[in-house]
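Please keep the sequence and the structure at hand while reading the points below.

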Amino acid sequence: MAAPATPEVLWAQRSSATDSAKNFIYLTITVPDVQKSNLKLDIQKQSLSFSGHSDSLKRDYAVKLEFYAEIDPKDVKINHTMKNVQLVLTKTELKEEFWPRLLKEAKKAHFLKTDFDKWVDEDEQDEAPEDDLGNMGGMGL
């Protein structure tokens, strides 16, 4: 059995010192054709573990992320599509400053990339249009 493939992970963030609804991480795990029944997501305060299997590609995926700072594992929005798993993770600490990176460890992770479709600069985040997160209900995992 081959080792699981590490999926591409895209991320962006917003920060607010006063509004927890504007203090979050966008996370997209790119896993084509992974059914809900074939994936496992474990979200903790400082980490996220994902594993899944694509029947059509006959491929297993797995990734574990140790976050730079804490998130609220009870306040997570999840949207599962046939291309990826999109998450919105609420940061625990209200701060105006962005996290300097997503992961605790400063070394570069080959699978981790900035999501430029969702990225805004720190000084422009108040003017950025909010994505419609209303359709991202919990998956019940």
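**Aromatic contacts and an open sheet**

With ring centres required to lie within 6.5 Å of each other, the count comes to 4 aromatic pairs in this predicted model.

**Aromatic pairs around tryptophan 119**

- Tryptophan 11 and tryptophan 119 form an edge-to-face pair, with 6.1 Å from centre to centre and 80° between the planes.
- Tryptophan 11 belongs to strand β1 (residues 8-14), whereas tryptophan 119 is found in the segment after β8 (112-114), so their pairing ties together parts of the chain that are 108 residues apart in sequence.
- Tryptophan 11 counts as buried because its relative accessibility of 8% falls under the 20% limit.
- Tryptophan 119, by contrast, counts as partly exposed because its relative accessibility is 27%, a value that lies between the limits of 20% and 50%.
- Phenylalanine 98 and tryptophan 119 also form an aromatic pair that is edge-to-face, here with 5.6 Å from centre to centre and 75° between the planes.
- This second pair likewise links distant parts of the chain, since phenylalanine 98 sits in the loop between β7 (84-91) and β8 while tryptophan 119 lies in the segment after β8, 21 residues apart.
- Phenylalanine 98 has a relative accessibility of 11% and therefore counts as buried, the limit being 20%.
- Taken together, Trp11, Phe98 and Trp119 form one aromatic cluster.

**A charge over a ring**

- The ring of tyrosine 26 has the charged end of lysine 118 sitting over it, at 5.5 Å from the ring centre.

**The open sheet**

- An open sheet is formed by 3 strands, which follow the order β3-β4-β5 and pair in the antiparallel sense.
- Strands β3 (34-43) and β5 (59-66) are the edge strands of this sheet, each of them pairing on one side only.
- If direction is ignored, neighbouring strands of the sheet are turned against each other by 10° on average.
- Strand β4, which covers residues 47-54, pairs with β5 in the antiparallel sense over 8 bridges.
- Histidine 53 stands opposite aspartate 60, a residue of β5.

How values were computed:
Residues are numbered from 1 along each chain as its sequence is written. This is a predicted model: local features need pLDDT of at least 70, side-chain atom pairs count only at pLDDT 80 or more; totals for chains, interfaces and linings use all residues. Side-chain values use heavy atoms; hydrogens and water are left out. Rings of Phe, Tyr and Trp (its six-membered ring) pair if their centres lie within 6.5 Å; planes under 30 degrees apart count as stacked, over 60 as edge-to-face and the rest as tilted. Helices (H or I, at least four residues) and strands (E, at least two) are DSSP runs, numbered from the N terminus. Buried means under 20% relative accessible area, exposed over 50%, partly exposed in between (1.4 Å probe, protein chains only). A charge sits over a ring if NZ of Lys or CZ of Arg is within 6 Å of the ring centre and within 35 degrees of the ring normal. Two strands pair if DSSP finds at least two bridges between them. Axes are lines fitted to C-alpha atoms, for helices over the stretch in contact, and angles run from 0 to 180 degrees between N-to-C directions.
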